[in-house]
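The following questions and answers concern the model displayed below. Please consult the sequence and the coordinates while reading.

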Amino acid sequence: MISPEILPLVIFVARVVETSLETIRMIYITRGHQYLAAGIGVVKVAIWLLSTGLVLTNLQNIAGIVAYIAGYGVGTIIGMELENRISIGSVVVRVISRGDPAPFMEKAADMGFGITRLEGSGYYDSAVAVLLMVLPRVELPRLLAVLHDDFPDLLFTVEDVRKASEAGRIYYGK
């Protein structure tokens, strides 16, 4: 039997761990890692049963109920942070330049990033260059630092890659 004073802490920690695992599991599902997601799901459900059972059998412990609710919010934030640190998979970075993209392309190529350049036009700009890069998520912070620090005028977007062919090199690493 867990003492009523310690019960909220146990519930909070269990809920944080459970929700963190659920957040990571959902991210792995969207990226196509079905077996990893299934394994995480088994552990997550076991912890959920424990934490929910503790709350439901101790409804008179208001601090336990608050700990259960708070653990959900904190667990979501921690889960997202853990996923960012794990950095599994690849991303597509799309950069749109109104001017000459050559300086950025040279810098990115020196860093080991492969780049595909497409010419485009917009309603407000007659010509733009669209640069596409596929890179490992773990390398994204390095590229974003260059974009923010050295090329703040470039528009960029980042998207997760669910599946990609293994046929070509996407990152040359330097």
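Q: At what angle do helix 1 (residues 7-30) and helix 2 pack, and how are they therefore oriented to each other?
A: In this predicted model, local features need pLDDT of at least 70 and side-chain atom pairs count only at pLDDT 80 or more, whereas totals for chains, interfaces and linings use all residues. Residues are numbered from 1 along each chain as its sequence is written, and side-chain values use heavy atoms, with hydrogens and water left out. The axes of helix 1 and helix 2 lie 8 Å apart at an angle of about 155 degrees, where axes are lines fitted to C-alpha atoms, for helices over the stretch in contact, and angles run from 0 to 180 degrees between N-to-C directions. Because angles over 145 degrees count as roughly antiparallel, helix 1 and helix 2 are roughly antiparallel.

Q: How does the contact of helix 1 with helix 2 divide by residue class?
A: The crossing of these two helices is left-handed, meaning that the near helix is turned anticlockwise from the far one by less than a right angle. Ala, Val, Leu, Ile, Met, Phe, Trp, Tyr, Cys and Pro count as nonpolar, Asp, Glu, Lys and Arg as charged, and the others, Gly among them, as polar. The contact of helix 1 with helix 2 has 17 nonpolar, two polar and five charged residues.

Q: Which residues of helix 2 and helix 3 make their contact?
A: Helix 2 (residues 34-56) and helix 3 (residues 62-86) pack at about 150 degrees, with axes 9 Å apart, so helix 2 is roughly antiparallel to helix 3. Helix 2 passes helix 3 in a left-handed crossing. The residues of this contact comprise four nonpolar, three polar and no charged. Contact meaning heavy atoms within 4.5 Å, the residues are Trp48, Ser51, Thr52 and Val55 of helix 2, with Gly64, Ile65 and Tyr68 of helix 3.

Q: In what order do the four strands form the open sheet?
A: Helices (H or I, at least four residues) and strands (E, at least two) are DSSP runs, numbered from the N terminus, and two strands pair if DSSP finds at least two bridges between them. The pairing in the sheet is antiparallel, and strand 2 (116-120) and strand 4 (155-161) are the edges, each pairing on one side only. The twist averages 20 degrees from one strand to the next. The strand order is 2-3-1-4.

Q: Which residue of strand 3 is the bridge partner of Ile96?
A: Strand 1 (residues 90-97) pairs with strand 3 (residues 128-136) in the antiparallel sense over eight bridges. Within strand 3, Met133 is the bridge partner of Val93, while that of Ile96 is Val130.

Q: Which residue of strand 4 is the bridge partner of Val92?
A: Strand 1 and strand 4 run antiparallel and are joined by seven bridges. In strand 4, the bridge partner of Val92 is Glu159.

Q: At what angle does helix 5 run to strand 4?
A: Helix 4 (residues 102-110) lies across strand 1, strand 2 and strand 3, and runs at about 10 degrees to strand 3. Helix 5 (residues 140-150) lies across strand 1, strand 3 and strand 4, and its angle to strand 4 is about 170 degrees.

Technical notes
Parallel < 35°, antiparallel > 145°, perpendicular 65-115°, else oblique.
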